[in-house]
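Please look over the sequence and the structure shown here before reading the report.

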Amino acid sequence: MSEHPGPAVPIAASLAEFTDRLIARRGVEQSNLLFGGQIGPATEALSARTSTIGVGDLAPAFSLPTAEAGTWRLAEHLAQGKFTSLVVVFYRGTWCAYCSIYLRGLLEIQSQLSDANAALIAVSPEAAPASADGADGPGFPVLIDRGGKVAEQFGLTFEMDDAAKNLLKSSGLDLEKRNADGRWILPVPGTFVIDRSGHIAYAHVDADYRNRPEPQQIAAMCRSLRR
């Protein structure tokens, strides 16, 4: 029997279920405009990059304000030597249901990450993202990436097309008002595991924001890095 049982429903199934509900609510035509207007530009942005951050690379040094008005620094985190790995999640914002489902999945395995001596942070361009709190108290720091500058260092930034923007605006969602820099710049959802030396040990980047890695996969990677 597994020491750490996984969540009752895999993240992939939860995300697929939400996609079905979204299509049922908006209709196929509008849904395809939303999907294509984000996935297409994200795919183009990723393919146009001459350099990317991947496994084996040194993670870009960065510091960002937290949702609690503090400052989080990678160099400081690594210098403390408290954790053997760090999970960094780039997410689009609290408005993105796919991101919320994924973050909830990570909160569900937080005890496993703690057992693996792993820390977890989330990075968003949103001006005032909510702190990620679990049922038993604080979850993990949420960092405000104004203008997507850190996401750009990781090779993730893109901008959705006008059709998708207009559709979201018509639904009352205007990222110019929600994002810290007043623009529609978003990160392609990415999950990175950084080892204690500051190198990338795991990277999952997918232009299709409906796809996320299973939290159990992240926990297993972190366990493998514990010394």
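The report below takes up a helix pair and then a sheet.

## About the model

This is a predicted model, in which local features need pLDDT of at least 70 and side-chain atom pairs count only at pLDDT 80 or more, while totals for chains, interfaces and linings use all residues. Residues are numbered from 1 along each chain as its sequence is written, and side-chain values use heavy atoms, with hydrogens and water left out.

## Two helices in contact

Helix H1 (11–26) and helix H2 (28–48) pack with their axes 6 Å apart and at an angle of about 125°; helices are DSSP runs of H or I with at least four residues, strands are runs of E with at least two, and both are numbered from the N terminus. Axes are lines fitted to C-alpha atoms, for helices over the stretch in contact, and angles run from 0 to 180 degrees between N-to-C directions. The angle makes H1 oblique to H2, a word kept for angles that are not under 35 degrees (roughly parallel), over 145 (roughly antiparallel) or 65 to 115 (roughly perpendicular).

On the H1 side the contact (heavy atoms within 4.5 Å) is made by Thr19, Leu22, Ile23 and Arg26, and on the H2 side by Val28, Gln30, Ser31, Leu34 and Phe35.

## The sheet

Five strands form an open sheet in the order E7-E4-E3-E10-E11, with mixed pairing, where two strands pair if DSSP finds at least two bridges between them. Strand E3 (residues 85–90) and strand E10 (residues 190–195) are antiparallel over 6 bridges, and Val89 has Thr191 of E10 as its bridge partner. Helix H9 (residues 215–225) packs on this sheet, touching E3, E4, E10 and E11.
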